[in-house]
Amino acid sequence: MSEVMVFAENNGERIHPVSYELLGKGRELTDKLEGDLSATLLSGEQLPAEELVYRGADRVYRGTDPALSEPVETSYKEALVSLISEVNPEVILIGATNFGRSLAPRIAMALDTSLTADCTGLDIDEEKNFVQIRPAFSGNILAHIKSRTSPQLATVRYKEFAEADRNEEREGEVVEVKVKISREGAEKVKIIEEKRGRRVNLEDAEVVVAGGRGLKKESDMQLVEDLADTFGGKVGASRPLVDDGWIEREHQVGYSGKRVKPGIYIACGISGQSQHLAGMKESDTIIAINNDPSAPIFEYADYGLVGNLYEIVPELIRQLKEGN
Amino acid sequence: MRDLTFIVLIKQVPDMDQVEFDYEEGRVDRSSAPLEPNPFDLNALEEAVKYKEELGGEVIAISMGPKQAESTLKDAIARGADEGILLQGREFAGSDTWATSLALGHAIEAVGDFDLIFSGEKTVDGDTGQVGPEVAEFLNIPHIAFVSGVKARKEDEVEVVSESWGATYVKSMELPGLITLTKDVNEPRLPSFKDKQKARKAKIANWGVEDIGIDQENLGITGSPTRVANMEVPPPEKRESMLLREDPGSAVNQLLEKLDLGRSK
Ligand SMILES: Cc1cc2nc3c(=O)[nH]c(=O)nc-3n(C[C@H](O)[C@H](O)[C@H](O)COP(=O)(O)OP(=O)(O)OC[C@H]3O[C@@H](n4cnc5c(N)ncnc54)[C@H](O)[C@@H]3O)c2cc1C
Ligand SMILES: Nc1ncnc2c1ncn2[C@@H]1O[C@H](COP(=O)(O)O)[C@@H](O)[C@H]1O
């Protein structure tokens, strides 16, 4: 029986929502493979497993060990490699978060098996081959990848697939697994400090208002912030503003920053270079404000306001507030 | 105590701003663009050179690729590397990340003792970010990925900042180890004219399959666990854009009407 295993990334408190998306997609794959869907829940202190069952897991492997309370890849790798060797899943899906993309390659190398990064499409073809679709060349091409080893590992982008339906009637088995970790590996990487909370969660924002080099000075970021506040949205930025230290890098949108898909994306004074587009072109509605009518951003926007952002942004704020 | 040895993994890639994509044929025309060092790898190199400047030692740049990748290694030398090694030969061509990591791992073992390996966060063509952590696993050393800042450089330990689990962490790692660097970590220096001239004359060691003692079966298309079944080149997702060029007042008004936000909430 072929099993599809989903790695349920968590920070000890919350399961990352990409895990529910993987369960949704995983169910589709298991239907085609006529197999089972499982989830692996590893953490420092025991976490409730029901949610993963409600989202479709036939089985949850739960492993708890203090070494798993921190994001140290070697500990997670050891725990997963021993579990994988025991249950032999055919396919393993891991969220393409920073942690997932750092952990998955270690597992692939340890098991000498295939790994496809950052997938945006997954399917089973007629010959029951697992097909992984992923962007490459900075997002300019889509490669269809097949593997010739087992298990087949893939990391999958967040917000690419719909979350699995939640159904509290669903039943599944929770298997407590013995975590096998050699302490010496875990001791090589130590956490000195952890900063949680203050970080912006751009990926989940419904509205992102981003500023670019069209802004003339650092204090003008306020304009972008005001517009974001008016929408109840979050502030993004193009790379040069981050490089200049006008805003922290957590706000950077693009190929080397965050990839966002909000309902509304407003680009203020951003030209629309491919590296910026890579981070926002999938937004539902894109609005561009730029005084250069030939700026590439206009070709990727639904609405283009051609003009001076120093006039347009305050006007936008004014009219939005009036409308309230 | 022996000198510190730093290794930088650096790949030659096409300049993404110039590479042409054939949307009809579904091909990438690699010959259309000039080749350059992978941008993220220059951040990796810069960090290695900084480490050396602080504590002394040697920086060795290693690349796997065709003969012309020698120019990327010479570029690395101009930017502060002491030595360049190119893994080169037909056998290596077409390797996926697993096979590439295996080859780079064997080459590093052939170099001998090392302290810290630096790789880019990802390449702009392969775009996986897998090679760094796979090399670390092959060598059985710890790694920290997506490093955005280096806080302390020591002989037996490095302290870095990286993001994980939706939080920012400061971590220390015992050496030998490997880190993968993001573009935020530093601003790579530009080589001086003099350094460039000197690097032009540098000798790049060319190593083949025998030099690193790797089983050829594990390399290339046949040795790779993954293969590209086919490739699509989707045309850029342009949108039917509605341009509003009126005075700000009426342009904004039109926009809000279209968005149906004029009277929202
Ligand atoms: C490997 C690599 C990774 C990269 N990653 C990223 C990334 O993740 N994110 C990113 O953003 N970039 C990234 N870049 C950089 C990218 O190539 C561009 O340099 C960058 O996006 C340009 O930012 P910008 O649009 O703000 O600036 P510019 O290109 O300078 O554009 C500024 C725009 O503002 C307009 N403007 C000026 N004044 C006004 C005004 N008063 N009113 C209205 N409009 C005005 C101008 O017409 C212009 O179009 C990366 C580059 C590389 C090589
Ligand atoms: N052929 C190669 N030669 C040397 N280093 C490489 C090669 N391929 C990948 N790397 C290194 O691994 C990193 C991640 O590459 P990738 O997994 O292809 O995205 C790069 O930034 C380089 O540091």
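This passage describes the two chains and two ligands of a predicted model.

Local features were considered only at pLDDT of at least 70 and side-chain atom pairs only at pLDDT 80 or more, whereas totals for chains, interfaces and linings use all residues. Residues are numbered from 1 along each chain as its sequence is written, chains are lettered from A and ligands numbered from 1 in the order in which they are written, and side-chain values use heavy atoms, with hydrogens and water left out.

Chain A contains nine helices and 16 strands. Here helices (H or I, at least four residues) and strands (E, at least two) are DSSP runs, numbered from the N terminus. The C-alpha trace of chain A spans about 65 × 50 × 40 Å along its principal axes. Of the 324 residues in chain A, 63% count as buried. Buried means under 20% relative accessible area, exposed means over 50%, and partly exposed lies in between (1.4 Å probe, protein chains only).

Chain B has eight helices and 15 strands. Its C-alpha atoms fill a box of roughly 75 × 45 × 40 Å, again taken along the principal axes. Of its 265 residues, 56% count as buried. Helix α1 of chain B (residues 39-55) holds B:L45. B:L45 is buried, because its relative accessible area is 1%. B:L45 and B:N230 are 185 residues apart in sequence, and their C-alpha atoms are 34 Å apart in space.

Ligand 1 is surrounded by 28 residues. A residue belongs to such a shell if one of its heavy atoms lies within 4 Å of the ligand. The closest are A:R213, A:S238, A:S256, A:S271 and A:Q275. The site is shared between chains, because residues from chains A and B surround ligand 1. By class, the shell has seven nonpolar, 16 polar and five charged residues. Ala, Val, Leu, Ile, Met, Phe, Trp, Tyr, Cys and Pro count as nonpolar, Asp, Glu, Lys and Arg as charged, and the others, Gly among them, as polar.

Ligand 1 alone exposes 1,000 Å², and the protein buries 82% of that. These areas come from the Shrake-Rupley method with a 1.4 Å probe; for residues, only the protein chains shown count as cover. Two or more shell residues come from each of α7 (239-243), α8 (274-277) and α9 (309-323) of chain A.

Ligand 2 is surrounded by 19 residues. The closest are B:L9, B:D41, B:T123, B:T128 and B:G129. The shell has six nonpolar, nine polar and four charged residues. At least two shell residues come from each of β6 (58-64), α3 (97-111) and β8 (116-120) of chain B. Strand β6 gives the most, with three residues. A polar backbone atom of B:L9 is 2.7 Å from an oxygen atom of ligand 2. A polar side-chain atom of B:T123 is 2.8 Å from a ligand oxygen. For a side-chain N or O atom of B:T128, the distance to a ligand oxygen is 2.6 Å. Ligand 2 on its own has 480 Å² of accessible area, of which the protein covers 97%.

Backbone geometry was also examined. A cis peptide bond joins A:S150 and A:P151, with omega about -5 degrees. A:P151 lies in the loop between β8 (141-147) and β9 (152-156) of chain A. Another cis peptide bond joins B:L175 and B:P176, with omega about 5 degrees. B:P176 sits in the loop between β11 (167-174) and β12 (177-181) of chain B.

A:N88 is not a glycine, yet has a positive phi of about 50 degrees. A:N88 lies in the loop between α3 (73-87) and β4 (91-95) of chain A. A:N88 is exposed, because its relative accessible area is 56%.

Definitions and conventions: Polar contact = N/O pair within 3.5 Å; in protein donor to acceptor, adjacent residues only side chain to side chain.
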